[in-house]
Amino acid sequence: MTPSTIDLFILTFNCAKNLINVAVWAAHLKAALSAQGVGQGNCHTLPDVVVFSLQEVAPLAYSFIGPYFLTTYYARYADALNLAAGQLLEEANEEYGTSSDGVGGDPYKLIRAKNVGMTAILLFARDPSKIQQIEEAECGFGAADMGNKGAVGLRVTWKDVVDGNDKTITTTTEQAKTTELTFVASHLAAMEWNVNKRNANWRSIVSGLTFANPRDILPAGEFPSQNRAARLTPDRSGAGDTAPVPRTQDSSSANAEGNIDLTYGNGDGDSDTQPLLNNPRPSASHESTLQQISIFKSTSHLFLAGDLNYRIDTTTPPPLATYPSFDPSSGNHFSHFLPRDQLTQEREAGRTMHGLSEAPITFGPTYKYDVHPAEGGAANEEAVKRGDKVNGVPEVPWRFASHRWPGWCDRVLYLDVPPWVTTTEPKQPEAERKKVKVEVEVYDSLPVVETSDHRPVFFRAKVPVLGEEEMRLPLVSEGEGEREAEAEEEWKKDPRVSMPVAVDVHAWERRAAARRKEVVVGWTAFIWSTKDGALVLVTLLVMGVGSWWLLRGW
């Protein structure tokens, strides 16, 4: 039986620490929400769930202090989303005479906003009653595990609800059906040469982004101690601005042809061939328990979106370099640069994003844009002079920054439905079985906006509502055919069955310690680097001097 689906929309954007223009964003979001892709059916249908993955959402001081200072930034995204959605509902009502559900009120409600440093995730829903449970997770990649770079996650339980009454949509039983959705927003290490750093950041997400404290999950008395080497793990943020020189491995690492391999790194042992964690791997009896609090929970869908920062080269571009063109007839069309994409190369080599899928990329590079360049230097100068508009908004003049290779930094990936899930009974002939998949309908980018050097990227898909029993790996019974046994061996390669990196049971407590440091750093930066902080400092000084003068007079 074919399961019901969740209409999911995800957008990722590097905000460059700026507030957005609500009207401009609403116009672009309206176009994205009505974009017709593979399904050809989104024109006036709003998604059930909307997730925004935001990087550099606000200045470091505000981000490190916490949610209070981020409310203003979050509110603009909520306003833009609801403005766009409201306009689409009104147009549908006028054109088709459909119900004006949501008109006169906000079509979407912000269910949860969560940040780790400057990376945030916003979760919106059309019907909040369908979100039954929410869990949070976070990890930092910066110095001392702080969140100048990092990842933040939300895990929700979705429950099918019809007209306010709990009913299953796909069966005739009275019990409602639920499914779990895991969303991860991330900002990985920057710079062209930091491929290994980005891969290490991903492994930190797998090992350290947990939705509960492992100490609370493992049996009492069986929590492993943390060795000294693990506490001294070097910073893997990859935030350095100096390009490392290629280093030659010793003769023992020569490849089969006798050639010496060149690897890039920062001299701190960050090669992908070295283990990320110094902590011992949990015992086999605990691994399955810990996996249930990781991003690879065996019964959950998984979506990852963010500024993943993978580039198309390990060095900066030379003088007079040729940059991608958006002209399909050009020999330098961006499609010719796409095979150089580091993320695709690393993912296919099994060094990052294990098990994740990505829809075909048909849009141009999303980074790095020089907005409003000097007169005469814009790549779209003619369109700007003509007064061309995109989604009703005047085109923003731009060109690619000369000191960075343009790249597809901003991405959305997903873990597809397990291969053992079908719409029929497993014992039916394979030819009669139909695999259940996440059906991607649209994967595209938005136009350049004035407030950032990145273009936003959005993703829309139909996600099947599958319960725990449907998602769980079936056992191949003794006596079943050799074909089924071979299928089971293939299934074990799925990261929900065999995690690529063990859960780091100490990451949760290290992150808690890092959060305390962030608060100190945030308030220090707020006082000394912001106008509001300076005002607070001056006010305190005036009050202090005034109090001293009054007390002296007594």
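How many disulfides does the structure hold, and in what order do the strands of the open sheet stand?

A: This is a predicted model, in which local features need pLDDT of at least 70 and side-chain atom pairs count only at pLDDT 80 or more, while totals for chains, interfaces and linings use all residues. Residues are numbered from 1 along each chain as its sequence is written, and side-chain values use heavy atoms, with hydrogens and water left out.

The structure holds zero disulfides, where a disulfide is a pair of cysteine sulfur atoms within 2.5 Å. Cys15 is buried at a relative accessible area of 0%, and Cys409 also counts as buried, at 0%; here buried means under 20% relative accessible area, exposed over 50% and partly exposed in between, with a 1.4 Å probe and protein chains only.

The open sheet is formed by six strands in the order β3-β4-β2-β1-β19-β18, with mixed pairing. Helices (H or I, at least four residues) and strands (E, at least two) are DSSP runs numbered from the N terminus, and two strands pair if DSSP finds at least two bridges between them. The edges are β3 (109–116) and β18 (439–445), each of which pairs on one side only. Direction ignored, neighbouring strands of this sheet are turned by 15 degrees against each other on average; axes are lines fitted to C-alpha atoms, for helices over the stretch in contact, and angles run from 0 to 180 degrees between N-to-C directions.

Within this order, β1 (residues 5–14) and β2 (residues 49–55) run parallel and are joined by seven bridges, and the bridge partner of Phe9 in β2 is Val50.

Helix α1 (residues 22–33) lies across β1, β2 and β19 (457–464), and runs at about 140 degrees to β1.

Away from the strands, Thr352 is found in the loop between α8 (342–348) and β13 (369–371), and at 0% relative accessibility Thr352 counts as buried. Leaving aside neighbours within four places in sequence, Thr352 is in contact (heavy atoms within 4.5 Å) with residues including Asn199, Trp202 and Tyr310.
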